[in-house]
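Reader: I've got a two-chain model open and want to talk it through with someone. Can we go over it piece by piece?

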Amino acid sequence: MDASAQLPATAAADQDSREWLQGLRATGAEHEAAIERLHALLLRAARFEVARRRPTLPHLRGNELDEIALEAADDALMSVLAKLEDFRGASRFTTWVYKFALLEAAVKLRKRAWQGREVPLEPETWSLFASSGLAPEAELEQQELLGALQRAIVDVLTPHQRRVLVAIAINGVPIDVLADRLSTTRGALYKTLHDARQKLRRHLHETGLQLGSWLEEENR
Amino acid sequence: MKRPELKQALGRLLGPVGPEVGCDECFEQLDRYVELELAGKDADAALPGLRAHLAGCPACREEHDSLRALVGGEQAL
């Protein structure tokens, strides 16, 4: 009898995924071979992520990038093995494990890109929002919008919400980097960001500011 | 600056409208979401709130794009 057929976590899994699980749950040489194959798979995914991000990391040499990919694959292997029993076959096993390697590589590369850089928690510039070449009437309308936004950020948000919103949404600090600097998690920071955004939207709505005409401009 | 760029900047600031999942739930569901997308199925109906999260979270969006590119590239071979 196929041993993997007894495993409830594989009920929905395809044959290839069941074979992966069977190998990883085996003992001895079969287990070692499956681990080796899994690491190779994770390393391929980590290198894929490194290659995608390479243009944004011109200061890193090839061997440094490959070291990051290897570390990402090693860490992803640990995560996959720790969560193996969580796999329910909702996707192919290979797709499920790829996301661990891509996450590890992306987080490491974002952190490396910001290594030694100060994380700006106050608005560095509002120029991202400032249009040029507008008709005087449109420019005035835009100034009113930006003024209302800046006042709302100062008046409505808590200091922590303001720092998180400004760092991520205005200054472009990656959420993992900010989480690392503030000793928190990505999930917790995103919750703060989400709450801040909701608060801003509510406030702007209550003050009668029509955001729709700005946010839907492209679709007109 | 053209108004579409202003729209993008405002979108980053104010985030998506409507319910969305958090980063942890997004990671949990990302593999299934990507496979549904690549199969041409209605991933948004199957996993509501994930598309909105990807619109609001640059890091999760990058990881989604990478997973989709990696798996999609394999399927194309």
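Reader: Looking at contacts in chain A with a separation of 6 or more, what share comes from residues 24 or more positions apart?
Author: Keep in mind that this is a predicted model. Chain A has nine helices and zero strands, running α-α-α-α-α-α-α-α-α from the N terminus on. Of the contacts in chain A with a separation of 6 or more, the share from residues 24 or more positions apart is 70%.

Reader: And in chain B, what share of the contacts between residues at least 6 apart joins residues at least 24 apart?
Author: Chain B has five helices and zero strands, and its C-alpha atoms fill a box of roughly 40 × 25 × 20 Å along the principal axes. Buried residues are 40% of its 77 residues. For contacts between residues at least 6 apart in chain B, the share joining residues at least 24 apart is 69%.

Reader: How confident is the predictor about chain A, and which stretch has pLDDT below 50?
Author: The mean pLDDT of chain A is 87, with 87% of its residues at 70 or more. The stretch below 50 still has 13 contacts in the model beyond near neighbours in sequence. Where pLDDT is low, the predicted coordinates should not be read in detail. The stretch in question is residues 1–10 of chain A.

Reader: What ipTM does the complex get?
Author: For chain B on its own, the mean pLDDT is 92, and 95% of its residues reach 70 or more. The complex as a whole has a pTM of 0.88 from the predictor. Its ipTM is 0.93.

Reader: Which element supplies the largest share of the largest nonpolar core?
Author: That core has 72 residues, and Leu42(A), Ala46(A), Val97(A), Ala101(A) and Ala105(A) are those with the most contacts inside it. At least three of its residues come from each of domain 1 (3–113) and domain 2 (127–219) of chain A. With twelve residues, the largest share comes from α4(A).

Reader: How many residues of α4(A) are buried?
Author: The helix has 21 residues and reaches 31 Å from its first C-alpha to its last, close to the 30 Å expected at 1.5 Å a residue. It's mostly covered. The buried count is 17 of its 21 residues.

Reader: Which residues does Ala105(A) touch, leaving out those up to four places away in sequence?
Author: Ala105(A) is one of the residues with the most contacts inside the largest nonpolar core. Leaving out residues up to four places away, its partners are Ala46(A), Glu49(A), Val50(A), Ile68(A), Ala69(A) and Ala72(A).

Reader: Why does the length of helix α6 of chain A agree with what you'd expect?
Author: At 1.5 Å a residue, the twelve residues of α6(A), 159–170, should span 16 Å. The buried residues in this helix are Val164(A), Leu165(A), Val166(A), Ala167(A), Ile168(A), Ala169(A) and Ile170(A), and just after α6(A), Gly172(A) takes a positive phi of about 70°. The length agrees because the end C-alpha atoms are 15 Å apart.

Reader: Which helix gives the most to the side of chain A that touches chain B?
Author: The contact takes 36 residues from chain A and 29 residues from chain B. On the chain A side, α2, α4, α6, α7, α8 and α9 each supply at least two residues. That side divides into 19 nonpolar, six polar and eleven charged residues. The helix that gives the most, with eight residues, is α8(A).

Reader: Is Glu63(B) buried or exposed?
Author: Glu63(B) is in helix α5 of chain B and, leaving aside neighbours within four places in sequence, is in contact with Lys99(A), Leu102(A), Leu103(A), Ala106(A) and Leu30(B). Its C-alpha atom is 8.9 Å from that of Leu30(B), 33 residues away along the chain. The cut-off for burial is 20 or more C-beta neighbours within 10 Å. Glu63(B) has 24 inside 10 Å, so it counts as buried.

Reader: What does Arg68(B) count as, with 16 C-beta neighbours inside 10 Å?
Author: Arg68(B) is also placed in helix α5 of chain B, and it touches Val34(B), Glu37(B) and Leu38(B) when residues up to four places away are not counted. Arg68(B) and Leu38(B) are 30 residues apart in sequence, and 7.6 Å apart C-alpha to C-alpha. Because Arg68(B) has 16 C-beta neighbours inside 10 Å, it counts as partly exposed.

Definitions and conventions: Residues numbered from 1 in each chain as written. Chains lettered and ligands numbered in written order. Predicted model: local features only at pLDDT ≥ 70, side-chain atom pairs only at ≥ 80, totals over all residues. Helix = DSSP H or I, 4+ residues; strand = E, 2+ residues; numbered from the N terminus. Expected span 1.5 Å × (residues − 1). Buried ≥ 20, exposed ≤ 12 C-beta atoms within 10 Å, placed from the backbone. Contact = placed C-beta atoms within 7 Å. Nonpolar A, V, L, I, M, F, W, Y, C, P; charged D, E, K, R; others polar. pLDDT = per-residue confidence, 0-100. Core = buried A, V, L, I, M, F, W, Y, C linked by C-beta atoms within 7 Å. Domains from an automatic or database assignment.
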